[in-house]
Amino acid sequence: MKKFAFVFFFVFLFSMFPANIFAYNSGFEAGISNEQEYKEVVFITGEPVVFSGFLKVTSSKRGDTTTTTYRYTLSTPSGDKLTRTLTFVTEEKQKPEYNQIIAETTLKNYTESIKIGGDTYTLDRNNGYIYQGSEVKSINPAVTYYAGNYSGSKVYKMNGNKGTVKVSIEDKTVGFSHKYGSAETHQMYYQIEATIGTGNNVKKWVGEVQVNVSFTDKSSIEYVENDPQYISFRGGYLLRRNSEDVMTYAYNLPKFDENGNEIGRNTGSNSLRLDGIYTENRLVVPEVRDISGTWGKDDINKLLSLEIFPKDSLYFGPKLYILRSDFAVAVAKAIGIAPYEPPKNALYSARKMPVEVSPFKDVPTNDPNYGYIKAANDVGLISGIGPSQFGPSLPLTRAQAAVIFIRALGLENLAPQGYFKTGFLDDSSIPLWAKRSVYVAREIGLVGGDTFGRFNPESYVTREEAASMISRMIDFMMKDLTFDYVERVLNFR
């Protein structure tokens, strides 16, 4: 895939994701949150203690540097208290030649005090909390994927100088974000070493804790029928969005007698969950007269309701071939690419106003679809059929459709290296430039074969087939990615 205009792409990236569909920022402490509360589990006493309360997050960005401060005010039903303030600095390094970003995070400032029972645990002021890590983000037209590793250690002083508790931390994280939601999972390992007491009355213990956390924001779309008999439309599509934070933890900690002597091991596991408030948005109800009885009726209505296909006629033309320009626009809308807009006149004098030049000779700048085609080209979603030629009025082939889908998702590398077969009987007729994309598209269920098991790469795609393919891509983003990053990785279900 060609390298794209990176600066433009980052403008697109941050504008395409509404803030309210991202998971709440719960910080680096293995906690979970929703609109109303925050929860985490503390293990420094040798047993799990669940705290809940409020987390306030403030963030500022200057250039490629983001400073984020987390303020925790937590308690337990028995009156235990936790207060904590942490400030992290994240430096982003753009790697346009790889379509990637490297983000490095370090802890800048910290304070923390925990009161449990009659004991107080306070982070040592001298290197009491060291934390650092980095993530690599892969930027693709439809989805941003990322993976990171973090490590650190905390040293608490207990009741002044009456003991210390050291917590070593390892955190492996993966995640994604796109127009319809996001998911992030953390697999965290804690090793706890405690030295309690002074002089000849010193007791030591060690413990291990595994905490798995997922932050998920997801969307679903469903058809809802209306109850009244006398109404101008029988039903319509409803877009639902909600967040779900889940934590599971397993621990191997000491068991103490009434005098504080270790007499065995305290092992167990548990889980916590916080759900966000559902948002429900009714979509427009299209009126189309030529799709009744067609096999793709539901997919067509779904995409018309999402306004991925325009409402410019009472007739959709399901059996007509879809044009390359119409398909590019539809996919761009489906994955959230905003149309390109030329610079405003106010930024330039009349004499210095740059002349807009189309990347394709056959797509003039005054073409109604120019904004989407230009934007899709800039982010690497589409390419031409020849030097500076897009072929907007040509019908789309199945091979071209597969390439665009896999470019959007950024999953071409899932294809095997070296020689491989796609699984279709006409594998030898699939052009080399499309073979990897066809293989992946088949693996993830975006395309299938005919009744004879053939892919037919040079066959043209009808508008009905295009609607079905795009609908499956949206379902893949809404459902399959979330399952892979949450349920499969962490085995919550």
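**Helix packing and salt bridges**

Mentor: Helix α2 crosses α7 in a left-handed way, left-handed meaning that the near helix is turned anticlockwise from the far one by less than a right angle, and right-handed that it is turned clockwise. This is a predicted model, where local features need pLDDT of at least 70 and side-chain atom pairs count only at pLDDT 80 or more, while totals for chains, interfaces and linings use all residues. Residues are numbered from 1 along each chain as its sequence is written, and side-chain values use heavy atoms, with hydrogens and water left out.

Trainee: At roughly what angle do the axes of α2 and α7 cross?

Mentor: Roughly 70°, with the axes of α2 (residues 297–305) and α7 (residues 463–490) coming within 8 Å. Axes here are lines fitted to C-alpha atoms, for helices over the stretch in contact, and angles run from 0 to 180 degrees between N-to-C directions.

Trainee: Which residues of α2 meet α7?

Mentor: Asp299, Ile300, Lys302 and Leu303. On the α7 side, the partners include Glu464, Ala467, Ile470 and Ile474. Contact means heavy atoms within 4.5 Å. By type, the residues of that contact are five nonpolar, two polar and four charged (Ala, Val, Leu, Ile, Met, Phe, Trp, Tyr, Cys and Pro count as nonpolar, Asp, Glu, Lys and Arg as charged, and the others, Gly among them, as polar).

Trainee: And α3 with α5, how do their axes cross?

Mentor: At roughly 25°, coming within 11 Å, for α3 (residues 324–335) and α5 (residues 398–409). That makes α3 roughly parallel to α5. The crossing of α3 with α5 is right-handed. Arg324, Phe327, Val331 and Ile335 of α3 touch Gln400, Ala401, Ile404, Phe405 and Ala408 of α5. That contact splits into seven nonpolar residues, one polar and one charged.

Trainee: Switching topic: how many salt bridges does the structure hold?

Mentor: There are 22, a salt bridge being a side-chain nitrogen of Lys or Arg within 4 Å of a carboxyl oxygen of Asp or Glu. One of them pairs arginine 84 with glutamate 29, at 3.8 Å from N to O. This pair links distant parts of the chain, 55 residues apart: arginine 84 is in strand β5 (residues 81–95), and glutamate 29 is in the loop between α1 (6–16) and β1 (32–33).

Trainee: What's the N to O distance from arginine 84 to glutamate 40?

Mentor: The closest N and O atoms are 2.9 Å apart. Glutamate 40 sits in strand β2 (residues 38–42), 44 residues from arginine 84.

Trainee: Are arginine 84 and glutamate 40 buried or exposed?

Mentor: Both are buried, and glutamate 29 is buried too. Buried is under 20% relative accessible area, exposed over 50%, and partly exposed in between (1.4 Å probe, protein chains only).

Trainee: Where do aspartate 378 and lysine 374 lie?

Mentor: Both are in helix α4 (residues 370–378), four residues apart, about one turn of the helix. Elsewhere, salt bridges with shared partners join Glu29, Glu40, Arg84, Glu112 and Lys154 into one network.

Trainee: How many helices and strands does the chain have?

Mentor: Seven helices and 15 strands, where helices (H or I, at least four residues) and strands (E, at least two) are DSSP runs numbered from the N terminus. Of the 493 residues, 48% count as buried.

Note on methods
Parallel < 35°, antiparallel > 145°, perpendicular 65-115°, else oblique.
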